[in-house]
Amino acid sequence: MSPDSVTPGSVRSAAAVNEQIRALWMRAGGTLSSQERAEYELLVVEWAAAIRGDVIEAA
């Protein structure tokens, strides 16, 4: 997955994004290339947004 394929404002759940983050780390063997680092950073932003959405919906 390229960083360009992460859609801003995604409606994926935090759990789904977290699973993708875990898969990225497994594929990378614990050391991220610069491209993987960029993907990771986008996924973390998406995950954080999903967490905030979960909290707002639960309130």
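Predicted model: local features only at pLDDT ≥ 70, side-chain atom pairs only at ≥ 80, totals over all residues.
1. Overall make-up. The protein chain has 59 residues. Its secondary structure comes to two helices and zero strands. Helix α1 covers residues 14-28. Helix α2 covers residues 34-58.

2. Surface and interior. Of the chain's residues, 22% count as buried.

3. Contacts along the sequence. Take the contacts between residues at least 6 apart in sequence. Of these, 56% join residues at least 24 apart.

4. The core. The largest nonpolar core holds six residues: V17, I21, L24, A28, L32 and L43. Helix α1 gives the largest share of this core, four residues.

5. L43. This core member sits in helix α2. Is L43 buried or exposed? L43 has a relative accessible area of 0%, so it counts as buried, the cut-off being under 20%. Its C-alpha atom is 8.1 Å from that of N18. Along the chain, L43 and N18 are 25 residues apart.

6. V45. Helix α2 also contains V45. Is V45 buried or exposed? V45 has a relative accessible area of 56%. The cut-off for exposed is over 50%, so V45 counts as exposed. The C-alpha atoms of V45 and V17 are separated by 9.8 Å. These two residues lie 28 apart along the chain.

7. To look at side by side.

Terms used. Residues numbered from 1 in each chain as written. Heavy atoms only, no water. Buried < 20%, exposed > 50% of the residue type's maximum accessible area, 1.4 Å probe, protein only. Core = buried A, V, L, I, M, F, W, Y, C linked by side-chain atoms within 4.5 Å. Contact = heavy atoms within 4.5 Å.
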